[in-house]
Structures are given as C-alpha cells and as structure tokens.
Amino acid sequence: MGDSSSSDAIPYHPSTLAIHADDDLATSAPATDIAPPLHTSTTFSYPGDPAHLVPAADLTSAATYHIYSRHTAPTSTRLELLLATLIHAPTLTYSSGLSALFAAYTLLNPKRVAITGGYHGAYGVLGLHTRLSGLQVLPLDCAESELRPGDVIHVETPVNPSGEARNLAHYSAKAKTVGAVLLVDATFGPPGLQDPFDFGADIVMHSGTKYLGGHSDMLCGVLATRNQDYYAQLLKDRLFLGSVMGSLEGWLGVRSIRTLELRVAAASQNAEKLVLWLSGCVEGATQYPCVEQMGADVQKVVASVSHASVQSKDDLEWIRKQMPGGFGPVFAIMARSEGLARRLPSKLRLFGHATSLGGVESLVEWRAMSDATVDRKLLRFSIGIERWEDLRADIWNACKELILEGV
Ligand SMILES: *Cc1c(COP(=O)(O)O)cnc(C)c1O
C-alpha cells in the first residue's frame, strides 16, 4: 500500500485494483484510516503556495486539488479513479444514471438517435432533448442512409427487461460507416462481464445505482470515454449541469467497488443456473436432478425465459466473445397469463417485489408496474448473491402455490 510505482509496474488483476487503485488518495498521517473517510465539505482550501494556484478557467482535467464540490470532491474522485481502472477509460460520476445520460446527450447534441427498446427512462431524457433541440428518435436498426455524422447509435446491452445481449461489433461497424457516435448503456453488464470499449464504444454509460452501488442504497450515474475532448467537455458541463453525486453516495460507492467482482460473478452465475433450470423445465429437458417433477409445475406457470445465455446458437457465438465474464444477473420470464404474472411475486419469499436491480438481494418485478411499454405477462428477475438452490426452491414453491390456487 502507498507505493504508487508498484501499481504502474505490475499488471494487477481487477479484483486487486478494486481494493488498491485508490491507495494514492488514501488519508496520510496524522489520519491513518484504512477505510475511506467521508468528506462532506462543499468547499476546500486553495493551495498555500501562490505558485500552485491555477485559476478555474485554466483547468483542463480534474484538479489536482479540490475547489468546490459541484466541480470535484475527494470521495467522488476516489470512486472515479476506481471506476476508470475497472471500466478501462477516464470516468465521471453523476447524481443518477439518467443525469449521466442527459449529460452525454448535452455533450453530443445529435440531430438523430437510433434506439429501440431497453430502459424506458432513456426515452424521457431523449424527450427533453427533443424539446430543446428538435432531436429525432429513429429505430436502432434504421438504414445507414438515415444517419449522418454526429448522430448517435444508442445500444443498451444486455437490454432491459429481457437480459438479452445486443451485438456491439455490428453497431460499432454501422457507427463507423456513417460517422455516428456509439453510446453503450452497459448497466446490465458491469465490469467483470464485458468491456464495451473492446467492441468500439465511444462512450460507456452505467446506472451506478445498480451493480456499481450493489446494495440498493445509492443513486449514481457513470460516463466513461477514451476521447479526451469528450472527457474535458463533460467535466466542464457537469459543473453547470450541477448533477454531481452526493458525498455519501461517493463514499458508499468506494465501499461497494471493493466487492464488485465477487458480487457480479456470483449473481451472474446464479442467474445462469436459474435460467438453465427454468428453460429446462419449460422445454421438458432434464439437465438437473428433480427437473422432471419441478418442470411439470413450472411449466404450468412459465411460458418462456429470456436471457443472453439462452439466445440462438448463432448469437451465442458473438455473445461469448462480448461477455467473457458471464451473461449477467438479470433475466425475464413470460408467465402463461397476466394474472399469473401479477400474483407470482406475492408467492416468493426470497425475492422482494420491487423495481430496480443490481443489489445483493434478489428482486422480481411484474414489469407492467413501472414500464407501460412491456407485455403484461412479463416478470423481470434481478438475481442476487443468495444460494441459487434456495432461489430455485422459492420459484418452484411459488409455482406450486399458484397451482394449488387453481392457476
Ligand atoms: C436504472 C437504469 C437507468 C437509469 O439509472 P438511474 O440511476 O435510475 O437514473 C438507465 N439504464 C438502465 C439500463 C437502467 O437499468
């Protein structure tokens, strides 16, 4: 700890970086905290040496010292350093995922955005920009001739609420051909599962509220980009948008990143096992012991399962390359009726019935509750880090209770 040169020399594993990439920002004597302190100050003393005073207008990157917390603050900066190491690009944090998205569209100010499906809130943000600038929304798979340089291709992957992956290499090639910017909402595929920069992303956005926070207790948005002009402008814009994260959220975020890799790997593996089991039940396959008995019950309630791990064989070829760390902790099922979808959450004991995702606890949502655009038979599952067999038993039990009620 504390020897910054060693981190340059040794290519540490992400799990080590998640604990040590911010060591240089750790408190020095006389305070010797091991856990990060929580700084709540909004304003910070300027350097004592007049030679080190840099007027705000001359700053091009995050200051080497802090001035005012609407610009930068110690705990958020510490989180940004950790995130930059794990996301593989300079990173800024925002007060929420949607304020990050608003900042990205304020930076890019495109005439057209190609986007289909995915998180419904993104359309709210685009609606604000349509009001301000006349921005036009086109389908994600619109013809190349409909896009011009400076337009945006907005790809969410894996996509809400189905948990299915979209082919970044395909959309990156399309963006290059027309001179568009590829913006990737990678919320459902946090670091450890995929790196959208390896597949041509220009800007990667996360709702840090989900896996980066990981405990359902902080709102956070993230933008990362390797384009230095973008980064410098985003930093300047954020000062005036005012959409910085609070100090407590920055502190919670640093605490959370320590376990990001463990949490995401465990949740993703749990989801993959549950999806394999559920799709086995639906299809009458018998990969797992007891699936025959469970399958008959599950089949009466569940019509289909969607997740990146059960996409077509052709898709799985590129998905395995794009998501080398796992297929993600969110999947969806289609219940056999709207009534079953409405009632299933009330039968589950280990799954909270709530919106959002990405916490250590498993959640289920009858998605019609918060998204008017989805099929009313759809249930979205956000899998946590409980023992997967317990989650399986809970789902099976819920199906049996629904059957007893006469389905
Ligand atoms: C939750 C979510 C957002 C919005 O993030 P907030 O932090 O709630 O503002 C954006 N995109 C996706 C895919 C999300 O799941």
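User: How many residues does helix α5 have, and what is its reach from first C-alpha to last?
Analyst: Bear in mind that this is a predicted model. Helix α5 takes in residues 121-133, which is 13 residues. At 1.5 Å a residue you'd expect 18 Å, and the reach from its first C-alpha to its last is close to that, at 19 Å.

User: Which residue just after α5 takes a positive phi?
Analyst: Helix α5 covers residues 121-133. Just after α5, a phi of about 80° turns up, and the residue that takes it is Gly134.

User: What is the order of the strands in the sheet, and which ones stand at the edges?
Analyst: The sheet is open, with 7 strands and mixed pairing, in the order β1-β7-β6-β5-β4-β2-β3. Two strands have a single partner each, so one side of each is left without a neighbour in the sheet: β1 and β3.

User: What does the twist average from one strand to the next?
Analyst: The sheet is an open one of 7 strands. From one strand to the next, the twist averages 20°.

User: Which helix packs on the sheet, touching β1, β5, β6 and β7?
Analyst: The helix in question spans residues 228-241, and its direction makes about 25° with that of β1. That's α7.

User: How many residues of strand β7 are buried?
Analyst: Gly221, Leu223 and Thr225 point one way from β7, while Val222 and Ala224 point the other way, and all are buried. Strand β7 (residues 221-225) is largely enclosed by the rest of the structure, because the buried count is 5 of the 5.

User: Which residues of β7 are the bridge partners of Thr91 and Met205?
Analyst: Strand β1 (residues 91-94) runs antiparallel to β7, with 4 bridges joining them. Strand β6 (residues 203-207) also pairs with β7 in the antiparallel sense, over 5 bridges. For Thr91 the partner is Ala224, and for Met205 it's Leu223.

User: In which sense do β2 and β3 pair, and what is the bridge partner of Arg112 in β3?
Analyst: There are 3 bridges between β2 and β3, and the sense is parallel. In β3, the bridge partner of Arg112 is Gln136.

Conventions:
Residues are numbered from 1 along each chain as its sequence is written. This is a predicted model: local features need pLDDT of at least 70, side-chain atom pairs count only at pLDDT 80 or more; totals for chains, interfaces and linings use all residues. Side-chain values use heavy atoms; hydrogens and water are left out. The expected span of a helix is 1.5 Å times one less than its number of residues. Buried means under 20% relative accessible area, exposed over 50%, partly exposed in between (1.4 Å probe, protein chains only). Two strands pair if DSSP finds at least two bridges between them. Axes are lines fitted to C-alpha atoms, for helices over the stretch in contact, and angles run from 0 to 180 degrees between N-to-C directions. Contact means heavy atoms within 4.5 Å.
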